[in-house]
Amino acid sequence: MTTVNNNHYDVIVIGGGITGAGTARDCAMRGLKVLLVERHDFSTGATGRNHGLMHSGARYAVTDHESAKECIQENMILRKIARHCVEETDGLFITLPEDDLNFQATFVQKCTEAGISAEIIDPKQAIIMEPSVNPELIGAVKVPDASIDPFRLTMANVLDAQLHGAEVLVYHEVVDVIIEQDRMVGVKLRNNHNGEELDVYATVTVNAAGIWGALIAQMAGVKINMFPAKGSLLIFGHRVNNMVINRCRKPANADILVPDDAVCVIGTTSVRIPIEECDDMRVTPEEVEELLAEGMKLAPSLGSTRILRGYAGVRPLVASDDDPSGRSISRGIVTLDHEKRDGLAGFITITGGKMMTYRLMAEEVTDLVCQKLNISKNCDTATTPLPGSEPKEETKRFSFSQKAAEGRHGTLDKEIESGDAASDALVCECEGVSVGEVRYAVTKLHVHNLINLRRRTRVGMGTCQGELCACRAAGVMCSDDKSAQKAINDLNGFVNERWKGMQPVAWGDNLAEAQLTATIYQGLLGVDKLANERRIEYYEI
Amino acid sequence: MRFDVIIIGGGLSGLTAGIALAEAGKDVALVSAGQSTLHFGSGSLDLLGCDDKGNDIYKPIDAIATLGEKHPYNKLEDVSGLAGVAKQLLERAGIATTGDANVNHWRITPIGGLMPTWLSMEGMAIVQDPDQMPWKRVALVNIANYLDFPTKFLAAGLRERGVQVDVKAVTVPQLAQLRKSPTEMRSTNIAKVIESNDIINDIADKINSITGEGYDMVLLPAVLGVASSENSKKLLSLIKMPASYVATLPPSVTGVRLQTQLRKRFNSLGGSFFPGDQVIEGVFENNVLKGVKTAKLDGTTLEADNFILATGSFMSRGLKADYDHIYEPALGVDVDDMGLDRKTWAKIDVNEAQPYMEMGVKTDEKLRCLRNGTAINNLYAVGSILSGHNSIKLLDAAGVDMLTALQVANNIIK
């Protein structure tokens, strides 16, 4: 972990989601002295709990022109700078017999106005392009949607921030803000691993804490009226579709199916929840039913495909009216200069927006930070590739795990030790994760536990949901007796975390798999008895 | 085709019933879909390890009185007697074990825990009293880069109990060859390489040369002896110090051996084995099962005087859960779903006792299955498919498998 060398910074960025990571990168690239703080792990909030969809913007074309335009611009940028995080799948917007086909013309026109290429496809042709699509479709439009790995994207931004001198503290939570007269001069942090507190100071503090940003603002005596909109999603056990499938109608529940790596994801629902519930969100049986029923309308084979797990995220929308679902709130970017707005200097909040527009959000807020610091330096984040996405060197990769690692880390895979028996030993067979990759993640990617490791390497994300690989990885990660106990606790926590996603969909093969996992971890290994700490970290779900 | 008894399911319960009936002179057929839960075994068989609060049980036979009324042990005439019969049945199949049903001993888990158990296969490391470890100084010797034997956890667990532990690793060129394909570095593959290359002596030499003197126990991963205990015994005998095995992560070589030897015994007794097939339908007539149809024997009905359903729980596909109910897929017999639906059959904390674990088929006092509420006169259920107990929390899986199988065999023979 990076240590705090000198506790005064130009800018402190609060929040290790994609917005915070992107902001830290931009600030660092413009030469600022940056500290990025995150209370848990990277991408534990909305960043890690969405579709993994790289919107073309088409979804918002009709209802929110500004967001649509931002989406397509950023979409084109991310294809270049985050190549190793993106899969260029394209997407379809389909019209079903129950939908109004007249909407299609408006949709295409609005897409075109926003600069999104939208091509009407003959339904028969659409079935050939995407065989899983509902064959009853009466219309289809092809758009440049794509699939993106949010964990990888966040990590790449963090790595680049570090390469440009930023310091990073994970598991450090802002417990208070430090205000002198009418200026925020720093924050009080608590190390969530050992409870120690430390004060850090900065000329400007950027609040990029997503929905939790409302609570940070509250500490500073500033009110931001957030609208926590919970969205639930289901992951299926294999990749049913190769193109993103959307419904060609106004945005509604469960109308996007995204292929991600070896799986696919249907979502989302949208329901307002109290902010206190944001740390402990669960997918309800009713949401599962709705997601499944609507999902089958996009791709009927979902009905016979195993659901791996369910999860829920919360959109950091800024409330404007009494919309009960939050669907009509703009996905637009909200930058709040609290000096102008509330008379509190040195404090800026960046919120609203979408994962898709994180870079633009970072650019906007960094521009404002630079203005406050009287620095004039242009933003280069739109043209500089992220670490891992630099031009490819000619490499010869033979093994499954080497190829898999290249897929996950792009050109950074050269930092993974391989070629000897110890490094090449395979930890996770489903995802092709080697001992070398686990060690790389632990030393370079801020990995403190198995759940962190899962986010960096996909260990335990396959169909077995961590049957054996979690235990192997825990063994690789621990170094002495003291860390062995910690690793056992970690292992038990990991098994529980995986179960939390499976429990709402515990029938069919999932229930069989759950029983097998329990037979191995509890019956054979006795991990539940050996764990001496039963802390359930809801935010780690 | 007609038999005295047809058994559906080739795991521990089905094979136990098959052997017991064949030993009594019955003409038995066994239909097995394939892999069984023995592949996830520990090298030990549990009878009753824990009470419902998770405390270790020292005297299992005495503790049976405290079990819930739905527990399958309540349908056994003489638990202690059947436990003795089970041990002898294993012995005759070439599976020597230590332990008895009156007093539990403890097995060492692959991550260094101690768990109470009934019978341990020969060569497995056991502890008679968890408060008094039998060794002062242990050499823990792994196969180099074999990840399914987490020595750091094992060492930490033993040290926690006051044992001095040195962790070491050995390898031989033939295993290095195996490692070129990393997915191959699994217990059963290691066993195959060692056994087919006849390199047990080489491995013993390596172990002897790196351990030296001064250990009162050498602990090894249980990766030898897929077909019989001959090779696993041979390695132990070649090591200069006392040595024994500890279970690995699955697949379990000792579990595969147990299954192999039980099958061999069943075959040698003249039993008919239908591997890789599964029963898809039963032909019922007036509360009697006349015959069963299988997926592979197209159109042919297998007939018998008696039938035993031993297809296991959810993980063995003996039970299935769909979106809104639990059912038994082979014969459609009645299931005890405890009145729960999918919103309640699984609890949020994985460490809590999960209600679905106690679901299974309903049986009458003679362990006969029910269909539409009525007992089928000649259809019995044995093993993990039975309702009324949580085998993961109680650690009673092997006991329920073997003892219900033996009880049903007795019921049929009578």
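This is a predicted model: local features need pLDDT of at least 70, side-chain atom pairs count only at pLDDT 80 or more; totals for chains, interfaces and linings use all residues.
Residues are numbered from 1 along each chain as its sequence is written, and chains are lettered from A and ligands numbered from 1 in the order in which they are written.

In chain A, the domain assignment (automatic or from a database) gives domain 1 (8-46 + 151-225 + 331-373), domain 2 (87-147 + 227-316) and domain 3 (400-540). Between domain 2 and domain 3 of chain A, the C-alpha centres are 29 Å apart. Their contact involves 14 residues of domain 2 and eleven of domain 3, two residues being in contact if their C-beta atoms, placed from the backbone, lie within 7 Å. On the domain 2 side, helix H8 (285-298) and strand E18 (307-318) of chain A each supply at least two residues; helices (H or I, at least four residues) and strands (E, at least two) are DSSP runs, numbered from the N terminus. E18(A) gives the largest share of that side, five residues.

In chain B, the axes of helix H7 (residues 200-211) and helix H8 (residues 230-238) come within 9 Å and cross at roughly 35°. Axes are lines fitted to C-alpha atoms, for helices over the stretch in contact, and angles run from 0 to 180 degrees between N-to-C directions. B:Ile200, B:Asn201, B:Ile203 and B:Ala204 of H7(B) make the contact with B:Asn231, B:Lys234, B:Leu235 and B:Leu238 of H8(B).
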